[in-house]
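Please study the sequence and the structure before reading each solution.

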Amino acid sequence: MTQTIVRNGTVVSLDPDVGEFDEADVLIEDGEIIEVGTGLSASNAEEIDASGKIVVPGFVDSHIHLAQTQVRGIAGDWSLMGEYFDHMLGNITGLYRPEDMYLGGLFGAFEKLHTGTTTALDWSYPNTLEHGERAVDALQDSGLRAVYTYGPPGDDSAKWWYESDVGLPEENIRELREETIRDDDLLSLALGLRGPDFCTDETARADLELARDLGVLSTIHMGAALWPSSEYGDDYQGFGCLEDMLGPDVNVAHGNHFSQEDIDHAVEHGVSFSSTPEVEIQMGHGIPVTEKVLEAGGRPTWGVDVCSNVSGDMGSQMRIGMQLQRMFDNQAVLECDEEVTEVSISARDTLEMATIEGAKALGMDDEIGTITPGKRADLVLFDASDFMTAPSHSPVQTVVFQADPSQIDTVLVDGEVVKRDGELTNPKVHEEFDRFVASGERLLDEAGIDV
């Protein structure tokens with residue numbers, strides 16, 4: 001039995017039954033949160049001094065492509081239907097070797113941990129089973145809690161995208177699950193579906209049926225562009241052939257062009273939505289789905305998406321997503337010749353979307369997302385005594401508005417310290433760095449991409 005006490009921190013549990021504490025302790029035993037309160041004691045427990053720190057649940061990124069990390073900084077001026085599809089899905093992903101998947105995923109996971117994300121859904125394009133195995137190795141070696149999402153291979157965009165009639169590689173998926181993922185407590189499997197936007201109806205349904213047979217989450221890129229316009233015209237087709245298959249085991253990435261009726265129907269059936277606001281604003285996906293999901297009585301989750309063009313920092317996404325929606329809501333008031341006298345989404349709302357709502361979307365809300373006894377100890381400690389964060393009058397607003405990754409002092413995943421005193425503890429950060437950089441240089445050289 002190993003015990004840890006996070007001592008004397010300002011605890012923002014995000015669990016209404018636990019509440020918040022100006023100064024409290026969190027007792028952890030074998031990775032599980034045992035108690036939250038003041039003056040806790042345990043013999044032989046490791047103590048983490050959280051004085052002057054704000055303790056929050058770890059962020060949950062519900063949609064990111066970690067293997068793009070070593071080609072970061074190339075897509076900042078790309079659109080979705082222009083350069084991204086041509087250069088990334090039609091070129092670079094086909095050049096990935098298994099070791100590139102490992103290195104991109106490893107350092108993408110390190111960036112997640114360094115910036116306070118303790119759980120991420122890694123939407124992957126494994127060209128072969130070995131590519132998938134090495135991507136999983138990266139997640140396991142990093143210490144991140146993750147949902148490895150086996151999507152269509154990235155070696156042939158004409159085969160796997162557009163009007164594809166080729167289903168996901170079932171044999172590879174089953175082998176990866178049985179041989180590599182099944183017994184890992186920090187790792188689970190999901191399937192990355194293309195949906196009727198990018199494959200035939202028969203293929204879309206078969207892929208979702210495979211996920212159901214495996215008992216895993218389906219996460220689908222849908223509604224991110226009006227494409228192909230020759231088929232949809234001015235109206236997006238919505239869920240189409242999947243409309244009668246929706247359920248809480250379905251997650252939609254983006255969903256910008258769904259109608260309110262589509263969203264109402266989906267939320268009623270338990271579907272979750274992952275909004276990636278910074279990428280969507282840039283790349284031309286359309287207006288984020290936030291307002292429609294809220295109108296339907298649901299809550300969206302935040303994700304980074306394409307780390308080849310934006311930072312992996314979830315703090316940026318929860319600020320951008322919140323402030324963008326506030327802008328739309330404020331503008332609606334102003335257009336009625338009225339003054340804005342209150343804002344809509346609160347700081348607490350967006351923090352919950354980055355934590356417990358992400359956990360719900362991934363089917364993990366009984367394990368993570370709040371600081372609750374019985375859940376796993378995925379915690380982030382922000383320095384509230386830094387000159388950029390003090391004085392912290394509202395811990396929630398400090399985390400959402402003032403703090404950035406430089407104020408993240410300590411991160412725990414499953415009770416294990418993965419970042420201490422502002423530095424990651426994993427030696428692979430230094431051991432694999434040169435290979436990581438060389439991987440990115442080779443991929444761009446072979447792809448002929450000149451930034």
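**Exercise 1.** Determine which residues of α3 meet which residues of α5.

*Solution.* Leu129, Gly132, Glu133, Val136 and Gln140 in α3 meet Asn172, Glu175, Leu176, Thr180 and Ile181 in α5, a contact being heavy atoms within 4.5 Å. By class, this contact has 4 nonpolar, 4 polar and 2 charged residues; Ala, Val, Leu, Ile, Met, Phe, Trp, Tyr, Cys and Pro count as nonpolar, Asp, Glu, Lys and Arg as charged, and the others, Gly among them, as polar. Helices α3 (residues 129-142) and α5 (residues 170-181) have axes 10 Å apart and pack at an angle of about 35°. Axes are lines fitted to C-alpha atoms over the stretch in contact, and angles run from 0 to 180 degrees between N-to-C directions. Helices (H or I, at least four residues) and strands (E, at least two) are DSSP runs, numbered from the N terminus.

The model is predicted: local features need pLDDT of at least 70, side-chain atom pairs count only at pLDDT 80 or more, and totals for chains, interfaces and linings use all residues. Residues are numbered from 1 along each chain as its sequence is written, and side-chain values use heavy atoms, with hydrogens and water left out.

**Exercise 2.** State how many bridges join β1 to β2.

*Solution.* Strands β1 (residues 3-12) and β2 (residues 20-29) run antiparallel and are joined by 7 bridges; pairing requires at least two bridges found by DSSP. Ile5, for instance, has Leu27 in β2 as its bridge partner.

**Exercise 3.** Is Gln317 buried or exposed?

*Solution.* Gln317 lies in helix α12 (residues 314-334). Gln317 is buried because its relative accessibility is 0%, the cut-off for buried being under 20% relative accessible area, with exposed over 50% and partly exposed in between (1.4 Å probe, protein chains only).
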